[in-house]
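Thanks for coming, everyone. I have one structure to show today. Please look at the screen.

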Amino acid sequence: MSTPDDLLIDLAAMVESEQTNQMSLTVVVHGAVITGRLAPESVWRQRVAEVLQDSDQLAPFAEVFREPGGSAGRTPPTTGTPSHLHFHVARILQGTLGIPETGGMYRIALKDVGAWTVGDFSYSDR
């Protein structure tokens, strides 16, 4: 959506302000369905940094996620209005599969969300 949905912005802002990661959400972005839990950006950044730090090849990139604004020293926006959704334990739904099975970390621009619903979709053989 070229103009993000105000209700979705409010949900993202609430996750950021309360520092909670219990809000399950499913979004459609350029035809892809992504489902999982929202996390505050600071929590999401820290988790990505931890994953990168554990990799011999990717460890140098961890610092970019630890520093506000990245290692270039940019100052993050302080407007209070989020520009992105930060998913953790999230999956891209493809047919009857959720990729990755264990959940991943996704950052999605609010302006790119075409549709959304509250809740985490999953498949069942039942």
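Strand β3 and strand β4 (residues 97-109) run antiparallel, and 8 bridges join them. Some ground rules before I go on. This is a predicted model, where local features need pLDDT of at least 70, side-chain atom pairs count only at pLDDT 80 or more, and totals for chains, interfaces and linings use all residues. Residues are numbered from 1 along each chain as its sequence is written, and side-chain values use heavy atoms, with hydrogens and water left out.

Strands (E, at least two residues) and helices (H or I, at least four) are DSSP runs, numbered from the N terminus. Two strands pair if DSSP finds at least two bridges between them.

Back to the picture. β3 and β4 make a hairpin, with 2 residues between them. Gly95 sits in that turn, and its phi is positive, about 60 degrees. Gln94 has its bridge partner in β4: Leu97.

Thr35 has Arg91 of β3 as its bridge partner.

**Backbone details**

Now look at Pro100, in strand β4. The peptide bond between Ile99 and Pro100 is cis, with omega about -10 degrees.

Next, positive phi outside glycine. His30 has a phi near 50 degrees. His30 is in the loop between β1 (24-29) and β2. Is His30 buried or exposed? Exposed, with a relative accessible area of 70%. Here are the cut-offs: buried is under 20% relative accessible area, exposed is over 50%, and partly exposed is in between (1.4 Å probe, protein chains only).

Val89 also has a positive phi, near 50 degrees. Val89 lies in strand β3. Its relative accessibility is 38%, so Val89 counts as partly exposed.

**The aromatic pair**

Last topic: rings. Rings of Phe, Tyr and Trp (its six-membered ring) pair if their centres lie within 6.5 Å; planes under 30 degrees apart are stacked, over 60 edge-to-face, and the rest tilted. How many aromatic pairs does this rule give? The count is 1. The partners are Trp44 and Phe65, edge-to-face, 6.1 Å centre to centre with 65 degrees between the planes. Trp44 lies in helix α2 (residues 41-53) and Phe65 in helix α3 (residues 62-66), so the pair ties together parts 21 residues apart in sequence. Trp44 is buried, at 7% relative accessible area. Phe65, at 23%, counts as partly exposed.
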